[in-house]
Amino acid sequence: DKVVIYHSKFSDNDRVDIWKKLLASSEPCVVIGARSAVFLPFASLGLVIVDEEHESAYKQQDPAPRYNGRDAAIVLASMHGAKTLLGSATPAVDTYYKALTGRFGLVELTERYEGLRLPQVEIIDMAAARKRGEVEGAFSLLTRRLVNESLQRGEQSILFINRRGYAPIARCKLCGYVPKCENCDVSLTYHRHSDKLICHYCGTPYGVPDVCPACKEPGIEVLGYGSERVEEEIDSLFPTAAIARMDLDTTRSKDGYETIIDNFSKGKSQILVGTQMVTKGLDFGRVSMVGVINADSIVNFPDFRASERAFNMIEQVAGRAGRKSDNGVVAVQTYNPSHPLFDFLVRHDYKGYYQREIQERQRYNYPPFVRIIYVYIKHKDPAAVSTIAFEFASRLRVLLGNRVSGPDEPYVARIQTLYIRRIMLKIETQASISKVKSLLNDIRIEMTNSRQLSGAVLYYDVDPM
Ligand SMILES: [Zn+2]
Ligand SMILES: [Zn+2]
């Protein structure tokens, strides 16, 4: 009676019941909620705990409102004169900076639960392993050996690959043609289960062409690894082991997620293959081995938060190994083993990683040293989107000077038939954000009045994740 669970899938009636309870209750009460719980009406709020505060999932991206549940929680708590407690083994760079500079208090837990050692991390140079003839499919010899040893001991393994589907690239081996989505500027992912090429941005499925549309030869092949293919290969390497796969495709059904977790925690499956879902807070006592199949696809993302995200993700998935015993081991496969991130991961050295990252952020003027606002402009017409974006940016430059950069094309420059341009604003942290807001609003109104925005979608993303 004193605990209320809340998430966004509740019906309106259930919500009203919870609202009434929270507003009327004079008894102590704990709400365990998803990100939208910060919008519940509280009669008297005493404390907000944000667990795994570094998670980018706290940010609602689309549709609006684009808010960060963690930051909204801090505002909510301060409205009630309550405290906020942010918890993480790998704090967000912005958060840790605030803790070190006195904006937040800092409490450190320096021992792992029950004093266990952190797992041993092996960085595997895949190019060298390939030269030695040790790579079979997606796996190095060491990865296969570690999975095997864990099976022999009656323990479990988790293999993490941050792509779903069978293969992320389809291409003609004769002319190099790459099938693309008709609505989005992205290549298509092959899914073996449905035998379709699927766009991961709009969901449109396409048949696999028998002959290449460009050269008319039967040259289309699929390349690279997704979770479906990793599952297939590990299954053929270890035919007697029970293997489960956890990704968006296997957890779509109502109880999909719970069933996979339940079976794995009872030992009904020995190897769990999965996407980002497997990195998040799972606590299985018998997992002694974790494999990161393609670390490069996590590290090499064109975004200023890429290295922060990569460190968090790999350190978090590594933390799934050896939670109840001292023999956890993590195999990280990469073609770029000299990347500085890996040294910090091997030593589980968050502070060292943070020092390097905060210096980079300062040097290139990124958060937490400035606040970033993206202005997004979308349009069905590629010429119109350019014209509008240039006009908007040049009006902004008159007011904000070199705080404005762009417009440029984001990593995926067309989604669901709309072409996209992005303008970036870097605003000093001490500047008035409401002043910036009213400047943006003024430009939007002027351009709307002079019909320069017709057909365009315009929105802002403040503090992008
Ligand atoms: Zn698409
Ligand atoms: Zn071709």
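Buried means under 20% relative accessible area, exposed over 50%, and partly exposed in between, with a 1.4 Å probe and protein chains only. By that definition both F264 and F284 are buried. This is a predicted model, in which local features need pLDDT of at least 70, side-chain atom pairs count only at pLDDT 80 or more, and totals for chains, interfaces and linings use all residues. Residues are numbered from 1 along each chain as its sequence is written, chains are lettered from A and ligands numbered from 1 in the order in which they are written, and side-chain values use heavy atoms, with hydrogens and water left out.

**Zinc site**
- C181, C184, C199 and C202 each give SG to the zinc ion (ligand 1), at 2.2 to 2.4 Å; donors are N, O and S atoms within 2.8 Å of the metal (3.2 Å for Na, K and Ca), and sites may look incomplete because water is not among the atoms.
- The arrangement is tetrahedral because the four donor atoms subtend angles of 105 to 115 degrees (four donors, all angles between 85 and 135 degrees).
- C199 is buried at 1% relative accessibility, whereas C202 is partly exposed at 23%.

**Aromatic pairs**
- There are 14 aromatic pairs in the structure (Phe, Tyr and Trp rings, the six-membered one for Trp, with centres within 6.5 Å; planes under 30 degrees apart are stacked, over 60 edge-to-face, the rest tilted).
- F264 and F284 form an edge-to-face pair, with ring centres 4.9 Å apart and planes at 90 degrees.
- Y376 and Y459 are stacked, with centres 5.1 Å apart and planes at 20 degrees.
- Both Y376 and Y459 are buried.

Definitions and conventions: Four donors count as tetrahedral if all angles lie between 85 and 135 degrees; four count as square planar and six as octahedral if opposite donors are over 155 degrees apart and all others between 65 and 115; anything else is irregular.
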